[in-house]
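Thanks for making time this morning.

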Amino acid sequence: MDIGTLKGIGPKTEKILKSNGIMTIKDLVSYYPFRYDVIKRSNIDELLQDDKIIIDGIVESKPSVFFFNKKMNKMSFKFNIGNYLMNVVIFNRGFLKSKINPGVTLTLIGKFDKIHNTIVASDIRFSKLPNIPVIEPIYHQIGGISSNQIRGYINNIETLEVEEYVPEYLKEKYKLIEKKEAVINIHNPKSELDLRKSMAYLKYEELFLFMLKMNSLKKNKKNKIGLKREVDKSLVMEFIDKLPFKLTTDQMSAVDKIFEDLNSPNRMNRLVQGDVGSGKTIVAIIALYINYLSGYQGALMAPTEVLAHQHLLNLKNIFKNYNINIELLTGSLKVSEKKTIYKRLEKKQIDIIIGTHALISEDVNYNNLGLVITDEQHRFGVNQRSNLKNKGITPDILYLSATPIPRTYALTIYGDMDVSSIKTMPSGRKEIITSLKSNNDIKDVLELMYQEIKEKHKIYVIAPLIEESDKIDLENVNKLEEKMISAFGKVCKIGVMHGKMEKNEKDKVMEEFKNGDITILISTTVIEVGVDVKNATMMVIFDAYRFGLSQLHQLRGRVGRNDLQSYCVLISDREAERLNIMTQTTDGFKISEEDFKLRGSGDLFGVRQSGDMNFRLADFKKDFNILLRAKEDSNELLESGNINNYSNLMTLLNSAVNLD
Ligand code: ADP
Ligand code: MG
């Protein structure tokens with residue numbers, strides 16, 4: 001049922017939910033809490049400074065409300081909890097003022113500021129909470145819709161329809177509960193035991209379906225017929241000889257493999273894995289050239305517009321003496337521009353198309369798509385990739401990934417692909433020197449920056465990462481800009497880039513940083529993936545502790561892209577031990593292993609909810625044993641042929657496999 005039909009959801013909320021992928025009640029039901037708070041009454045005598053507090057009491061004074069601006073306000077009042085009279089402050093609840101009168105009984109949830117005899121409340125409850133511990137689900141907010149609101153909507157659902165995918169015999173094997181019960185309890189657990197049982201079902205189902213798809217893709221691959229091509233290898237070698245640099249051995253062997261794959265009657269399904277800066281792009285370009293020589297269209301999909309645009313410039317440059325039509329298709333083109341591109345693609349007036357998700361939009365019809373390349377593969381989900389594949393008859397597929405995945409995991413996940421690894425860096429590269437500084441050392445950092453500025457090198461300055469809010473991101477960027485202007489405003493030009501900017505603004509800044517006057521580029525992580533500015537030799541990352549190690553590694557890979565000595569400075573007053581790993585190694589595989597040990601998979605695979613491995617509940621690392629069982633179980637089911645008895649599993653697989 002459409003989410004708009006649910007009680008309590010108005011048109012505005014509906015729109016926000018839908019634009020975040022929650023279209024139906026079913027989608028909402030599978031939006032699970034990311035944690036639970038156990039609510040039980042605090043004993044104030046036992047609490048320490050900043051402890052969490054949940055306490056009943058009686059309002060002792062009329063509240064006063066102070067407005068900072070239209071959106072921000074602070075309310076305070078006195079609160080009697082028996083033996084103590086406390087101050088209470090709570091932000092942005094000014095609208096409750098009229099309900100908070102002396103004598104009213106409340107439950108407050110918040111933080112205890114013992115020193116100031118104050119409760120900094122995060123929530124006020126008027127109806128008395130039960131005295132037994134309550135397990136309260138907490139949801140990630142969705143575009144400003146709070147956890148409380150989400151909980152409310154879910155509680156408004158009257159009839160819950162769930163589709164159970166785990167076959168009965170497997171439910172018995174693992175003593176799993178019914179899915180319906182699991183779903184109800186995940187949103188409203190009565191006890192920790194309930195919650196554990198729910199998790200057990202839901203995690204298993206999630207991993208089982210994932211492995212079932214993977215295993216069946218693998219099975220199908222065995223007899224997949226690809227495109228027929230006959231390409232003259234000497235033409236390819238000629239092209240390679242004309243490149244401005246000599247390919248590394250690993251690049252060359254990846255190219256050889258790709259050439260073989262493309263010319264074989266089987267369909268290519270290959271992953272090129274290589275650390276940041278190892279030179280995967282040129283391998284992709286050569287693949288596109290082979291594909292072009294055999295008369296097919298090629299598509300190159302990148303995760304961001306900045307990166308797509310960079311690829312465009314790069315390809316145009318490399319192919320400048322060839323008569324190859326290359327175009328860009330991204331979401332931010334005007335409708336009319338898009339239409340023109342669609343037409344030209346259909347008529348085969350475009351040989352190579354580069355773009356973002358727009359490449360897989362419904363409206364795109366290729367004339368004879370022969371090769372699809374996905375750059376920074378880990379950023380795309382399975383479905384998006386499958387969609388793109390579906391555009392051609394049976395195009396060959398190449399993925400590029402800089403996220404080094406530890407081998408055991410890679411084999412499980414990418415079991416259906418062939419893998420080429422680029423292990424050696426292009427020659428002449430110097431190891432990036434990485435240091436860790438505290439905010440007190442900022443003078444030293446500025447001094448280092450000045451050295452590079454004098455050399456006419458370029459510098460990235462990365463603003464702290466704040467996951468939840470674009471607004472705070474912007475504030476951070478602006479603060480840094482002030483700092484940099486006061487330090488270097490007189491000696492060089494400073495540019496700014498963040499996610500809120502229009503595409504053409506971003507492109508302009510990027511272009512000016514790459515080839516023009518901008519010497520220092522202050523940015524959020526929008527530059528994180530793939531961006532290539534050769535004479536950038538320094539990166540300064542503020543509040544580095546906010547980033548995962550793999551992400552820092554990706555960021556750091558933006559410098560050290562030629563034979564100049566490059567530097568990376570991490571600024572952080574916290575988590576020195578973890579961050580020190582970055583100063584000790586530039587080996588992406590080592591770093592990802594460490595990350596894996598320290599933080600689990602979420603971080604390893606980049607932005608949450610965009611990669612294959614971002615399960616709703618399961619944690620790739622913590623639940624690896626369940627994954628292995630799911631792998632075996634799904635394989636058995638496929639091998640036995642009994643899978644045909646489960647129509648809902650078949651439907652699921654058919655949609656996955658057809659798209660492939
Ligand atoms: P990534 O693997 O991170 O995508 P790129 O493909 O962007 O890396 O390559 C990084 C840089 O190295 C680019 O500037 C590219 O032109 C350069 N490069 C790639 N291969 C070689 C090579 N064999 N010799 C010298 N430079 C190379
Ligand atoms: Mg790249």
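What you see here is a predicted model, and I will start with an open sheet of 6 strands, whose order is 16-21-20-17-19-18 and whose pairing is parallel. At the edges sit strand 16, residues 433–437, and strand 18, residues 493–497, each of which pairs on one side only. If you look at how neighbouring strands of this sheet lie against each other, they are turned by 20° on average, with direction ignored.

Within our sheet, strand 17, which covers residues 458–462, pairs with strand 19, residues 518–523, in the parallel sense over 4 bridges, and Y460 has L521 in strand 19 as its bridge partner.

Now to the helices. Helix 16, residues 503–515, packs on the sheet and touches strand 17, strand 18 and strand 19, while its direction makes about 140° with that of strand 19. Helix 18, residues 576–584, also packs on the sheet, but here the strands touched are strand 16 and strand 21, residues 567–571, and the direction of helix 18 makes about 160° with that of strand 16.

Finally, the cysteines: how many disulfides does a search of the whole structure find? The search finds 0. As for burial, C492 has a relative accessible area of 12%, and because the cut-off for buried is under 20%, C492 counts as buried. C568, at 1% relative accessibility, is therefore buried as well.

Note on methods
Residues are numbered from 1 along each chain as its sequence is written. Chains are lettered from A and ligands numbered from 1 in the order in which they are written. This is a predicted model: local features need pLDDT of at least 70, side-chain atom pairs count only at pLDDT 80 or more; totals for chains, interfaces and linings use all residues. Side-chain values use heavy atoms; hydrogens and water are left out. Two strands pair if DSSP finds at least two bridges between them. Helices (H or I, at least four residues) and strands (E, at least two) are DSSP runs, numbered from the N terminus. Axes are lines fitted to C-alpha atoms, for helices over the stretch in contact, and angles run from 0 to 180 degrees between N-to-C directions. Contact means heavy atoms within 4.5 Å. A disulfide is a pair of cysteine sulfur atoms within 2.5 Å. Buried means under 20% relative accessible area, exposed over 50%, partly exposed in between (1.4 Å probe, protein chains only).
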